[in-house]
Amino acid sequence: MRPSLRLATTALPLTLLLAACGREPDLVVYCALDQVFSEELIADFERESGLEVEALFDLEHQKTVGLVGQLIAERAHPRCDVFWNNEIVQTVRLAEMGMLAPYDSPSAADIPEQFRDSQRRWTGFAARARILIANTDRVDPAELTSHRDLLDPRFAGACGVARPLTGTTLTHAAAMYATWGEERAAAFWNPIADRQHEDPPPVHVVRSNGQAMTLVRDGELAFAYTDTDDFNVARESGAPVVAVYPDQEPGPDGEPPIGTLLIPNTVSILEGAPHREAAERFLDWVLSRQVEERLAHARSAQIPVRADVPRPDHVRSEFVVMEVDYEAVGRSVAERTDALKVLFLDR
């Protein structure tokens with residue numbers, strides 16, 4: 001066994017890293033889950049398997065799309081074996097492009113079908129919820145119930161959301177448009193974009209979920225959208241923050257609750273992966289119940305998709321989940337990204 005995990009970010013081309021490191025690794029993993037959460041797990045796999053792993057991590061402000069772009073650029077000559085994504089729609093996009101190879105891992109047999117591709121090109125596990133993090137020194141959490149609270153004039157200038165062009169905020173926006181329709185989703189995002197350059201803007205548009213969390217944790221904002229893993233980091237710091245799971249109440253005319261968006265991690269093997277056997281071993285390992293339980297108990301506080309996987313009390317699992325066709329969202333995400341760039345950047 002060799003504790004020799006190779007680490008990198010997309011700031012340095014992988015080709016240069018491989019050339020500098022000498023021998024060819026046994027497995028190359030591109031990982032969009034925050035390095036602080038995933039690095040230890042990948043190192044544990046390396047120790048347990050005896051394989052030498054090259055791990056390429058994404059940059060926070062590029063979340064997911066940086067690695068996806070690199071995978072597409074390398075399509076003709078793939079270097080990556082396994083893509084561990086911290087969300088799902090970009091994974092679906094790669095599957096629709098024919099870039100992911102089928103693999104039905106025995107470790108995934110008890111994962112609910114809604115989190116498994118019908119052709120077994122990807123599997124979802126260890127999810128996060130899109131919640132509102134609220135600073136109780138700035139706002140009464142009981143006043144926050146819906147995504148629409150960001151547009152409430154009472155909170156103008158005191159709330160925020162990451163620009164919806166990367167990571168889970170892009171996934172969230174794409175899911176809104178695909179699930180609710182153009183008009184309803186635009187009624188949320190257009191006012192935010194239209195007034196983003198005011199001083200102060202009614203809704204602060206920040207670069208990442210991590211920055212949104214930090215601004216609320218430090219009391220600069222009253223509340224903001226983020227993910228449950230970022231919230232848990234703030235919670236562990238002792239900051240006066242709580243997580244609000246939005247859209248749990250019925251609509252004004254008795255409609256079912258919209259629900260809170262749940263976004264699983266996904267893992268897949270690249271078509272033409274240079275190290276296919278090692279890639280299958282990694283999928284079998286990372287999709288195990290033990291790894292999902294570890295992610296639930298880790299600082300990332302991931303929500304197990306298996307109902308009976310043990311989790312700590314602070315990892316909430318009983319809430320109304322937004323109904324989403326992940327595959328439909330994935331098929332539309334490239335076009336939606338272009339439209340959101342026009343909305344948030346070209347003005």
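**Second largest cavity**

I looked up the lining of the second largest cavity and found Arg130, His172, Met176, Trp180, Tyr225, Pro246, Asp247, Ile258, Gly259, Thr260, Leu261 and Met322 there. The model is predicted, so I note that local features need pLDDT of at least 70 and side-chain atom pairs count only at pLDDT 80 or more, while totals for chains, interfaces and linings use all residues. Residues are numbered from 1 along each chain as its sequence is written, and side-chain values use heavy atoms, with hydrogens and water left out.

By cavity I mean a set of points, on a 1 Å grid over the protein atoms alone, where a 1.4 Å probe fits but cannot get out, and lining residues have an atom within 4 Å of a point. Helix 5 (residues 167-180) supplies the largest share of its lining, three residues; helices here are DSSP runs (H or I, at least four residues), numbered from the N terminus. The lining divides into seven nonpolar, three polar and two charged residues, where Ala, Val, Leu, Ile, Met, Phe, Trp, Tyr, Cys and Pro count as nonpolar, Asp, Glu, Lys and Arg as charged, and the others, Gly among them, as polar.

**Helix 5 against helix 6**

I then checked the partner of helix 5: its axis and that of helix 6 (residues 182-194) come within 6 Å and cross at roughly 145 degrees, with axes fitted to C-alpha atoms over the stretch in contact and angles running from 0 to 180 degrees between N-to-C directions.

**Aromatic rings**

I looked next at Phe45 and Phe282, an edge-to-face pair with 5.0 Å centre to centre and 90 degrees between the planes; rings of Phe, Tyr and Trp (its six-membered ring) pair if their centres lie within 6.5 Å, with planes under 30 degrees apart stacked, over 60 edge-to-face and the rest tilted. Phe45 lies in helix 2 and Phe282 in helix 9 (residues 276-286), 237 residues apart. Phe45 counts as buried at 2% relative accessibility, and Phe282 at 0% (buried means under 20% relative accessible area with a 1.4 Å probe, protein chains only).

Note on methods: On a 1 Å grid over the protein atoms alone, a cavity is a set of points where a 1.4 Å probe fits but cannot get out, and a pocket is an open set with protein on both sides within 12 Å along at least five of seven lines; lining residues have an atom within 4 Å of a point. Helices (H or I, at least four residues) and strands (E, at least two) are DSSP runs, numbered from the N terminus. Buried means under 20% relative accessible area, exposed over 50%, partly exposed in between (1.4 Å probe, protein chains only).
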